[in-house]
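Subject: Handing over the structure

Hello,

Here is the structure I promised to pass on to you. Have a look through it first, and then read on for what turned up.

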Amino acid sequence: MPELTTKLEDGVLDVLLHGGAANEIGLAMLGELESVVRSFDSRVRAMVIRSESRRGFCAGADLRELHARNATRRSEGASDAQRSSEVRAFLDRIHGVMNAIDEAPFTTVAAVHGVVFGGGFELALACDLIVADKSARFAFPELRLGIIPCFGGLPRLRRALGTSVTNDLVLTGRSLGAARAHELGLVSQLVGEGQAADVARRVAVQATRFDPRATRAALDFVRTDISAELEREKDLFCELFVSPVVDAALARFASDASAMPYLPASGGAA
Amino acid sequence: MDVTDTLLTLAADRFSRDRSKLRPEDDFFEALEIDSVDAMTLLTAVEEKFGVEIPDYEVQDVRTFSALAAVIGRRI
């Protein structure tokens with residue numbers, strides 16, 4: 001089953017996520033996202049990424065898949081260095097996707113609702129604009145698992161909102177409601193429940209009305225270079241990932257039968 | 001209307017339940033038949049209704065309406 005569907009209409013590339021319980025990003029979703037960014041060409045004048053999942057935009061990396069792969073490799077006798085190298089290869093691929101979106105020569109819009117957690121938050125942050133319905137909640141729960149955000153979220157959140165908000169969210173793992181995210185400037189437009197995709201489409205259509213060269217010039221100016229920070233984030237993640245603490249946390253996560261075991265409201269999965 | 005009453009009415013409206021059957025001491029996961037994602041929705045609705053911001057970790061072990069009302073009360 002495909003995990004996403006794309007449609008190019010009137011210069012707007014519509015990317016609809018529909019994988020797993022809440023579009024968890026595993027190898028299958030990653031491969032399809034890579035196909036999306038490879039399809040970028042001059043016909044694309046704007047892009048909207050949205051989700052049809054009732055649960056939300058995207059719950060982040062597929063940690064159950066990550067745990068299974070990691071446990072298998074450990075049982076096969078893979079060294080820490082080998083496992084670190086393998087997870088870095090995955091990160092290089094997902095960073096390639098996020099960077100391609102971040103550096104796209106057109107306006108990109110994330111239309112979000114419900115859960116916008118971890119890698120899902122990072123996908124939204126890679127876009128130029130976030131349109132959120134009132135149900136959206138943003139969070140980086142990674143520290144609960146002994147890791148840090150690793151799809152470029154740390155530098156992109158700090159670029160968007162500064163160190164204070166980044167610290168607040170990352171160091172506590174708490175989620176941020178859409179209304180507060182709008183007040184902080186993370187969300188460009190706050191809309192009623194179920195309206196984010198429609199409003200994001202209107203934003204994207206508006207963005208196609210300008211000279212592409214002017215759009216590119218504006219984007220080039222605003223998008224500051226964070227490439228060194230992105231590499232540092234990968235380095236830090238890979239150092240943490242091989243720790244037994246992370247193995248244990250991922251095993252706990254994987255054995256939790258609830259649909260969203262990292263949500264604190266589930267009764268303390270952290 | 002006090003915080004608990006307002007919360008019970010909000011929860012009943014949000015999840016289309018009979019308000020008269022909800023009691024403060026009820027486990028809201030069970031009484032509303034909701035999962036953790038729905039609970040996030042309830043948290044968002046609470047924040048909007050009461051004009052407060054409630055960090056998740058404040059409600060991590062909270063399961064009853066009365067306990068949630070107490071957390072809200074500390075933030076008003």
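For the complex, the predictor gives an ipTM of 0.87 and a pTM of 0.93. Chain A has a mean pLDDT of 93, with 95% of its residues at 70 or more. For chain B the mean pLDDT is 93, and 99% of the residues reach 70 or more. One stretch calls for care: over residues 264-270 of chain A, pLDDT stays under 50. The model has 20 contacts beyond four places in sequence for residues 264-270 of chain A. Where pLDDT is low, the predicted coordinates should not be read in detail.

Back to the helices

Two packed helices are described by the angle between their axes and the distance between the axes. For helix α2 (residues 63-75) of chain A and helix α11 (residues 244-255) of chain A, the angle is about 125° and the axes are 9 Å apart. The two helices α2(A) and α11(A) are therefore oblique to each other. The crossing in which α2(A) passes α11(A) is left-handed.

A second pair in chain A is made by helix α5 (residues 153-161) and helix α6 (residues 163-172), which pack at an angle of about 135° with axes 7 Å apart. That makes α5(A) oblique to α6(A). On the α5(A) side, Leu154(A), Leu157(A), Arg158(A) and Leu161(A) take part, and they meet Thr163(A), Val165(A), Thr166(A) and Val170(A) in α6(A). The residues of this contact divide into 5 nonpolar, 2 polar and 1 charged.

Chain B has a helix pair to look at as well. The axes of helix α1 (residues 3-14) of chain B and α3(B) cross at roughly 130° and come within 11 Å. Helices α1(B) and α3(B) are therefore oblique to each other, and their crossing is right-handed. From α1(B), the residues Thr6(B), Leu7(B), Leu10(B), Ala11(B) and Arg14(B) meet Leu42(B), Ala45(B), Val46(B) and Lys49(B) in α3(B). By class, the contact of α1(B) with α3(B) divides into 6 nonpolar, 1 polar and 2 charged residues.

The sheets of chain A

One open sheet in chain A has 6 strands in the order β1-β2-β3-β5-β7-β10, with mixed pairing. At its edges stand β1 (4-9) and β10 (189-191) of chain A, each with a single partner strand, so one side of each is left without a neighbour in the sheet. From one strand to the next, the twist averages 15°. Inside this order, strand β3 (residues 46-51) of chain A runs parallel to strand β5 (residues 107-112) of chain A, and 4 bridges join them. Met47(A) has Thr108(A) in β5(A) as its bridge partner. Helix α8 (residues 196-207) of chain A lies across β2 (12-17), β3, β5, β7 (129-133) and β10 of chain A, and runs at about 170° to β5(A).

Another open sheet in chain A has 4 strands, ordered β4-β6-β8-β9, and its pairing is mixed. Its edges are β4 (56-58) and β9 (175-177) of chain A; each has a single partner strand, so one side of each is left without a neighbour in the sheet. Here the twist averages 20° from one strand to the next. Strands β6 (residues 115-117) and β8 (residues 137-139) of chain A pair in the parallel sense over 3 bridges, and Phe117(A) stands opposite Ala139(A) in β8(A).

Which strands of chain A does helix α3 (residues 36-50) of chain B lie across? They are β6, β8 and β9 of chain A, and α3(B) runs at about 50° to β9(A). This is the α3(B) that also packs with α1(B).

Happy reading, and do write back with any questions.

Best wishes

Note on methods: Residues are numbered from 1 along each chain as its sequence is written. Chains are lettered from A and ligands numbered from 1 in the order in which they are written. This is a predicted model: local features need pLDDT of at least 70, side-chain atom pairs count only at pLDDT 80 or more; totals for chains, interfaces and linings use all residues. Axes are lines fitted to C-alpha atoms, for helices over the stretch in contact, and angles run from 0 to 180 degrees between N-to-C directions. Angles under 35 degrees count as roughly parallel, over 145 as roughly antiparallel, 65 to 115 as roughly perpendicular and the rest as oblique. A crossing is left-handed if the near helix is turned anticlockwise from the far one by less than a right angle, and right-handed if clockwise. pLDDT is the predictor's confidence in each residue, from 0 to 100. Two residues are in contact if their C-beta atoms, placed from the backbone, lie within 7 Å. Two strands pair if DSSP finds at least two bridges between them. Ala, Val, Leu, Ile, Met, Phe, Trp, Tyr, Cys and Pro count as nonpolar, Asp, Glu, Lys and Arg as charged, and the others, Gly among them, as polar.
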